[in-house]
Amino acid sequence: MGSLLLALILVLAQPLPVHGTVYFREQFLDGAKWKERWVVSQHKSNYGKFRVTAGNFYGDREADKGLQTTENLKFYAISSRFKPFSNKGKSLVIQYTVKHEQKIDCGGGYVKIFPSSLDQKNMNGESLYYIMFGPDICGSDTKKVHIILNYKNKVYPVKKQIRCKVDGFTHLYTLILKPDHTYKVKIDNKMVISGILEDDWDFLTPRRINDPAVKKPENWDDEAEIDDPEDTKPEDWDIDEYIVDNSAEKPKDWDDAAQGTWQPPLLKNPLYRGEWRPRKIPNPNYKGIWPHPQIANPEYVPDPSLSIYENISVIGLDLWQVSWASSWFVC
């Protein structure tokens, strides 16, 4: 069984004053009525089922309730709709909490923000979305926070690596997209990454490129280490990985005419030492990496609508769970 606790909030923050408009908040405080607000996708007949619970441990049994996955080796798809809005000229804040109550092997803990055109009953992994944000864990290699943004109906992942939390405690994830095309990511209200959208996503061609008219000088040596010219291969260095088994005898019933010429088998060479390579020494002529001069990219065209999304209207959970615990809260 899996259980992930998650709390979500969508805020459209005005430049001034500091307070913004909350467009979506879900706290699951009205019993079974949450089922009237959340639509389970019918795209697959075997989607996993959600339930509302505070999980196995909590601070407040009622206030800490959230959506919880109930089965491993399942896809999950559920969404909730709210009044459409645009983030033009304003900061967009997406915030929620996640709790993995048991050790997670592989599963997503992210949310997706959709336009109002989404067919909720047919929501699936191919449905067009604006933003995908949140943790994803799979094996020892993948323990990251996704930030995937839609630009002109094509999605782009952030180029920076953001490590997510992998313990069994509740963690607050926050994404802020600002109208000046900058962004921030916080985990537990601590800044973990910030930057400029153009720099950290491949939406546009780069502002500056290497000057094609300038080439690296021929005498520029950028090899930090070189082979030691005084190091020579030892005479007893054996490079044959396999050797003939001279102790083997041709079978008495071997028929050369029918089976071909008999060849003795090969053995692993106990003296094999691999391919010999001379040792490395510091290069006395090393100059470092050549700094290629850059120029303004003539093909670069800024886009003032880079991070603007119209008719933001649905938040959804489109997940695959192998083995983990998950509950979703919206605060």
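Reader: Before we start, when do two strands pair?
Author: Two strands pair if DSSP finds at least two bridges between them. Keep in mind that the structure above is a predicted model.

Reader: OK. Which residue takes a positive phi in the hairpin of E15 and E16?
Author: Asp188 does, with a phi near 55 degrees. Two residues lie between the strands of that hairpin.

Reader: How many bridges join E15 to E16, and which way do they run?
Author: Six bridges join them, and the strands run antiparallel. E16 covers residues 190–196. One of the bridge partners is Ile196 in E16, which goes with Thr182.

Reader: What about E14 and E15?
Author: E14 and E15 also pair in the antiparallel sense, over five bridges. They form a hairpin with four residues between them. In that turn, His181 has a positive phi of about 70 degrees. Thr174 has Lys186 in E15 as its bridge partner.

Reader: Which residues of E15 are on the covered face?
Author: Tyr183, Val185 and Ile187 are on the covered face, while Thr182, Lys184 and Lys186 are on the uncovered one.

Reader: Why do the side chains alternate?
Author: Because that is how a regular strand is built: its side chains alternate between the two faces of the sheet.

Reader: Changing topic. How many aromatic pairs are there?
Author: The count is 15 aromatic pairs. Take Phe24 and Trp38: their ring centres are 6.0 Å apart and their planes are at 80 degrees, so this pair is edge-to-face.

Reader: Where in the chain are those two?
Author: Phe24 is in strand E3 (residues 20–25) and Trp38 is in strand E4 (residues 38–40). They are 14 residues apart, and the pair links distant parts of the chain.

Reader: Are Phe24 and Trp38 buried or exposed?
Author: Phe24 and Trp38 are both buried.

Reader: And why do Tyr96 and Tyr173 count as stacked?
Author: Their planes are at 25 degrees and their ring centres 6.1 Å apart, so the pair is stacked. The cut-off for stacked is planes under 30 degrees apart. Tyr96 sits in strand E8 (residues 91–100) and Tyr173 in strand E14 (residues 170–177), so the pair ties together parts 77 residues apart in sequence. Tyr96 and Tyr173 are both buried.

Reader: Which residues do ring pairs link into a cluster?
Author: The cluster contains Tyr23, Phe24, Phe28, Trp34, Trp38, Phe82 and Phe85. Elsewhere on the topic of rings, Lys44 lies over the face of Phe75, at 5.3 Å from the ring centre.

Reader: New topic: Asn283. Where is it found?
Author: Asn283 is in the loop between strand E21 (280–282) and strand E22 (294–296).

Reader: Why is Asn283 called buried?
Author: Because its relative accessible area is 8%, and buried means under 20%.

Reader: What does its side chain make a polar contact with?
Author: The side chain of Asn283 makes a polar contact with that of Asp221, at 2.9 Å. Leaving aside neighbours within four places in sequence, Asn283 is in contact with Asp221, Glu223, Ala224, Glu225 and Ile226.

Reader: Last one. How many helices and strands are in the protein?
Author: The protein has three helices and 24 strands. Of its 331 residues, 41% are buried. The accessible surface comes to about 19200 Å², and 51% of that belongs to carbon and sulfur atoms. Among contacts with a separation of 6 or more, 73% are between residues 24 or more positions apart.

How values were computed:
Residues numbered from 1 in each chain as written. Heavy atoms only, no water. Buried < 20%, exposed > 50% of the residue type's maximum accessible area, 1.4 Å probe, protein only. Polar contact = N/O pair within 3.5 Å; in protein donor to acceptor, adjacent residues only side chain to side chain. Contact = heavy atoms within 4.5 Å. Phe/Tyr/Trp six-rings, centres within 6.5 Å; stacked < 30°, edge-to-face > 60°. Lys NZ or Arg CZ within 6 Å of the ring centre and 35° of its normal. Areas by Shrake-Rupley, 256 points an atom, 1.4 Å probe, with all protein chains shown as cover.
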